[in-house]
Amino acid sequence: MPAQQLPLVAADAAARPVHAVRPAALERFLAGLPTAQASFLRGAGFAAKADELALLPGDGGIAAAVIGLGEDRSPFAFGSLSTRLPEGAWRLEPGDYEPGAATLGFCLGAYHYGAFKAAKRTPARLVSPTNSQRAASEAAAIWMVRDLINAPANVLGPAELADAAIALGEANGASCKRIEGRALDEGYPTVATVGRGSTRAPVVAAFHWRGSKATEKSPLLSLCGKGVCFDSGGYDLKTQSGMLRMKKDMGGAANVLGMARIVMEADLPVRLALRIGCVENSVSGVAMRPLDVIRTRRGLTVEVGNTDAEGRLVLSDLLAEASDERPDLLVDCATLTGAARVATGPDLPALFCNDDAWAAALLAAGTATADPMWRLPLFDGYDSWLDSPVADLNNISGKAYAGAIVAALFLRRFIARDTKWAHIDLFAWNESTRPGRPEGGEAQTARAVVAAAETMLITS
């Protein structure tokens, strides 16, 4: 799918100014304005509240704009500007904000999935602040993630998702592999089993990349993503309402692709490995059935207690291979359980991590980047809930509790000993439009994971 153009320009002499103001600095700001403009804002009751926008009149029409920030220091304080400012170029005046965050927020708010319907208007354009290249790269990565998740399943199937991963890797000089057919059956039996019910064949897409300043001994960051391009639930069929948004069940794969793009475009001095399992979970005469038993890449046998718990099956073979490479950090992302959404809601991905230092770094990075997550426990007491009478383990528990924890415990069975691992159970969707977060597919934790990796793998 074609890349969209970020609403950024290098320079524009005709660009009008945008002033970003906090309540504590409002009076000082007003004192520096021409009398007529200051009187206009006072008369309008402008208080510099978060997302409060005023357009200042001038001799030729609208001369400037003022955006209130309130106490919001996230990128989303600037998230509505691109669609509320009049079309044309604008420049941010210096103020009490971080220019990179402002650039990111401006760009995120300009996003529109336009494959089938044009936007109602052209977004305003922003003159790129100095040193905002990283913010622009992050915005482009998030737009890519959103495009992938928003694409309908008839447009983005397993092959197309794999194509997107390979194209990203090749564009950044990575060594790429596409595994399908007999090689997939032999190397990734769980991926093959989940995907065999669809006429659209399953694929594993993988690549390895090294930064220009990295060596063979540089830290290895490994990423794995669940890429279920549509999830009917299989024989344990979802309800109509439960199936409605299941084009987004590849949101984990999309998000690790976003992380990889940020890492590669920043040319971080690390080694990077990425694996995504691209499948469609369908019903057919050859689809997996309840109580089938699968022999996994790790050698463990898994009884299929529920065909709608397919995401953990897809990830299990990927995690086994990835952890055997002994990465410094292994991260997987998946739209894995409804239980995680019950626990933390749609905007707060659930983090499971077997290393306290890494968990602390990920949580701190999430707070610092306004890309949050919340830690839930890998509680050993529930591990026996996965016991099966006919296999090494079941893919579900027979109990109605702690679904997100049990899913994470299932994945842990496939992680090589002493591997530092983080599992992120995310929603990958905005249910409604807010500043910088339009309704639809969303990147979650991508910026936070990269920031934590920079702290732990590079600067520590």
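Predicted model: local features only at pLDDT ≥ 70, side-chain atom pairs only at ≥ 80, totals over all residues.
The sulfur of Cys224 lies 9.7 Å from the closest cysteine sulfur, that of Cys333, which is too far for a bond. A disulfide is a covalent bond between the sulfur atoms of two cysteines. Under the criterion applied here, a pair of cysteine sulfur atoms within 2.5 Å, the count of disulfides is zero. Cys224 is buried, at 0% relative accessibility, where buried denotes under 20% relative accessible area, exposed over 50%, and partly exposed the range in between (1.4 Å probe, protein chains only). Cys107 is likewise buried, with a relative accessible area of 0%.

Residues are numbered from 1 along each chain as its sequence is written, and side-chain values use heavy atoms, with hydrogens and water left out.

Leu330 belongs to strand β13, residues 329-334; strands (E, at least two residues) and helices (H or I, at least four) are DSSP runs numbered from the N terminus. With a relative accessibility of 0%, Leu330 is buried. The C-alpha atoms of Leu330 and Leu221 are 6.2 Å apart in space, while the two residues are separated by 109 residues in sequence.

Thr369 is located in the loop between α13 (356-368) and β15 (374-375). Its relative accessible area is 17%, and Thr369 is therefore buried. The side chain of Thr369 reaches the backbone oxygen of Ala365 at 2.7 Å. This is a polar contact, defined as a pair of N or O atoms within 3.5 Å; within protein, one atom must be able to donate a hydrogen and the other to accept it, and residues adjacent in sequence count only if both atoms are side-chain atoms. When residues up to four places away in sequence are not counted, Thr369 touches Pro75, Arg447, Ala448 and Ala451.

The structure holds 30 salt bridges, each defined by a side-chain nitrogen of Lys or Arg within 4 Å of a carboxyl oxygen of Asp or Glu. One of them joins the side chains of Glu27 and Arg42, at 3.3 Å from N to O. Glu27 is part of helix α1 (residues 26-31) and Arg42 of helix α2 (residues 35-43), so this pair ties together parts 15 residues apart in sequence. Arg42 is partly exposed, at 46% relative accessibility.

A salt bridge is also formed by Arg146 and Glu442, whose closest N and O atoms are 2.9 Å apart. Arg146 lies in helix α5 (residues 133-150) and Glu442 in the loop between β19 (440-441) and α15 (446-459), so the pair connects parts that are 296 residues apart in sequence. Arg146 is buried, with a relative accessible area of 0%, and Glu442 is buried at 6%.

In the salt bridge between Asp324 and Arg298, the closest N and O atoms are 3.0 Å apart. Asp324 is in helix α11 (residues 311-324) and Arg298 in the loop between β11 (293-295) and β12 (301-303), so parts 26 residues apart in sequence are tied together. Asp324 is partly exposed, at 43% relative accessible area, as is Arg298 at 28%. Finally, Arg275, Arg297, Glu321 and Glu325 are linked in a network of salt bridges.

Definitions and conventions:
Contact = heavy atoms within 4.5 Å.
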